[in-house]
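Hi everyone, thanks for coming. Today I'd like to walk you through one protein model, piece by piece. Have a look at it first, and then we'll start.

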Amino acid sequence: MAEAPADASTVAATTKKKKSLSIEEKIDIINAVESGKKKAEIAAEYGIKKNSLSSIMKNKDKVLEAFESLRFDPKRKRLRTAFYTDLEEALMRWYRIAQCLNVPVNGPMLRLKANDFAQKLGHSDFKCSNGWLDRFKSRYGLVFRAQPVEATATPVDPSTVWCQNVLPYYLNDYHPKNIFNIKETGLFYRMLPTNTFAFKGETCSIGKLCKDRITLVVGTNMDGSEKLPLLVIGKNRNPHCFKGMKSLPVYYEANRKAWMTSEVFEQWMRKLDEKFQAQQRRVVIFVDSFPAHPEVKDLKSIELAFFPSCLSSKFIAMKQGVIKSLKIKYRHCLIKKFLRSVEDSKEFMFSLLDAVDTLHLCWRTVTPETIIKSYEEAGFKSQKGEGDTSNAETDSGLDLVAHALAAGVEFPEGLSLEEYAALDDDVETCEAAANDESVGTEDSKSDETGFCTSDEEDDSGSAGTELPLPSKNEALTALDTLKKFLRSEDMNDLLHDSLADLENFINSLSSK
């Protein structure tokens with residue numbers, strides 16, 4: 001009698017049975033089993049039977065021996081060694097820092113930290129067993145020895161540890177275009193030279209001046225090729241001046257103190273993570289160790305690297321010139337707008353929307369040279385061998401100050417544009433503890449959601465004055481005027497293309 005043909009399930013089972021696993025796959029299976037993952041799930045994932053899995057575990061010493069011989073084979077360019085790669089990377093970084101600081105580390109401490117990282121990274125199925133820990137120590141050649149008494153008594157400079165042992169670890173793992181730093185700074189966005197005395201020394205987030213303050217978060221990559229969109233944090237969820245606006249050139253968030261909070265930080269990181277995922281990139285972002293900067297779970301494309309809290313601010317790249325350059329440019333534009341109002345005998349009006357547009361404009365003009373120089377001064381070694389950037393940007397503002405004085409605008413004697421731009425550098429920008437619930441004063445009224453509701457704190461001092469949005473035809477007429485003006489100058493092709501794009505965009509909109 002002819003034998004019946006095998007059905008699909010039989011063929012699949014036979015295929016699985018005959019499947020040959022690589023050494024790397026067997027190592028991953030061993031790691032998975034020893035981390036506590038269910039054997040049935042592992043067998044299904046690798047397409048093997050449970051008895052095959054048991055055979056691998058029974059002969060794991062031979063598998064590990066074979067693995068070690070391949071691991072150091074110079075002909076092999078790459079070898080997968082870890083089932084939880086991100087966890088192992090985080091654990092090794094923590095171990096290296098502890099080692100540099102002469103902090104003794106033993107097995108129980110390492111296991112505790114491994115479980116802690118697993119929770120933060122979203123590996124709910126991970127359990128640091130003795131077997132997994134032994135394999136981890138074997139892979140990285142870790143041997144725990146008692147430290148000499150004199151070694152533990154030697155004082156350690158955190159700056160030296162950071163520059164020599166921690167930072168290079170990241171610089172070796174990431175290309176400069178994928179290394180970012182972000183930093184918050186306070187900004188009194190309507191502060192003019194005539195009233196700088198009222199703002200000098202202002203550090204609190206509540207009171208009479210709080211309506212004029214925002215928190216600005218800036219970030220760039222190391223080689224200066226990419227600036228993150230600015231994050232602006234105000235006091236009002238829906239400012240009066242934003243009415244009718246469906247898009248802004250910045251990310252905008254709000255809370256009663258206009259501070260960075262853990263919630264705002266997490267939301268922003270997830271937005272950036274989506275952006276980098278779409279670009280199929282893996283990046284590292286250096287941030288301060290603040291309660292407002294929590295470890296964000298399940299990020300796919302971003303690794304957060306936290307500066308030690310004891311580290312000097314001189315190692316924060318954004319504070320070495322990038323924020324200064326942006327603020328100088330912003331104050332420069334603010335004074336020019338104020339001067340135009342004075343010369344035209346008009347009341348000076350400057351809303352939060354005006355501030356957002358001005359910040360976006362100025363942010364685009366911060367140069368890559370300034371960014372590269374800031375990273376180098378923070379100890380980030382450039383891999384591209386950039387030339388001398390010592391004179392990358394100069395914004396003396398002397399002509400502007402002279403112009404202001406000539407127009408009768410008071411400018412405090414001896415106050416430079418740089419000093420004027422730096423008056424709000426020490427303004428508080430982050431919650432001091434998670435879920436800070438401190439309440440504002442009478443000058444800062446908030447609703448039950450924690451957002452400011454006072455019209456006085458909402459716009460440029462013209463509450464109740466609302467200009468209607470221009471129509472489509474009015475927008476096209478304004479664009480024609482702009483084209484005539486720009487074409488009277490020596491325009492480049494990029495500007496011509498931008499004008500054409502604007503006109504096409506306006507024409508594509510439905511009539512209003």
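Before we get to the sheet, one definition: two strands count as a pair if DSSP finds at least two bridges between them. Please also keep in mind that this is a predicted model.

Strand 3, residues 231-234, pairs with strand 4 in the parallel sense, over four bridges. If you want a residue to look for, find I233, which stands opposite E253 in strand 4.

Now, what packs on this sheet?

The range for roughly perpendicular ends at 115 degrees and roughly antiparallel begins over 145. The crossing is a right-handed one. On the helix 13 side you'll find V322, L326, K329, Y330, C333 and K337, and they meet A355, T358, L359, C362 and W363 of helix 14. Sorted by class, that contact has eight nonpolar residues, one polar and two charged.

Helix 13 turns up again around helix 15, residues 368-377. In helix 15, the buried residues are T370, I371, I372, S374 and Y375. What covers them? The cover includes strand 1, strand 2 and helix 13.

Next, two more helix pairs. As a reminder, two packed helices are described by the angle between their axes and the distance between the axes.

The axes of helix 7, residues 107-120, and helix 8, residues 130-140, cross at roughly 100° and come within 11 Å. Helix 7 and helix 8 are therefore roughly perpendicular to each other. G107, L110, R111 and A114 of helix 7 meet N130, W132, L133, F136 and K137 of helix 8. That contact divides into five nonpolar, two polar and two charged residues.

Then go to helix 18, residues 472-487, and helix 19, residues 493-508. They pack at an angle of about 170°, and their axes are 10 Å apart. Are they roughly parallel or roughly antiparallel? The angle is over 145 degrees, so helix 18 and helix 19 are roughly antiparallel to each other. Helix 18 brings several residues to the contact, including L476, L479 and L486, while those of helix 19 include L499, L502 and I506. By class, the contact has eight nonpolar, two polar and four charged residues.

Finally, let's zoom out. The chain has 19 helices and six strands. Of its 512 residues, 43% count as buried. Among contacts with a separation of 6 or more, 73% join residues 24 or more positions apart.

Technical notes:
Residues numbered from 1 in each chain as written. Predicted model: local features only at pLDDT ≥ 70, side-chain atom pairs only at ≥ 80, totals over all residues. Heavy atoms only, no water. Axes fitted to C-alpha atoms, helices over the stretch in contact; angles between N-to-C directions. Helix = DSSP H or I, 4+ residues; strand = E, 2+ residues; numbered from the N terminus. Parallel < 35°, antiparallel > 145°, perpendicular 65-115°, else oblique. Contact = heavy atoms within 4.5 Å. Nonpolar A, V, L, I, M, F, W, Y, C, P; charged D, E, K, R; others polar. Buried < 20%, exposed > 50% of the residue type's maximum accessible area, 1.4 Å probe, protein only. Left-handed = near helix turned anticlockwise from the far one by under 90°.
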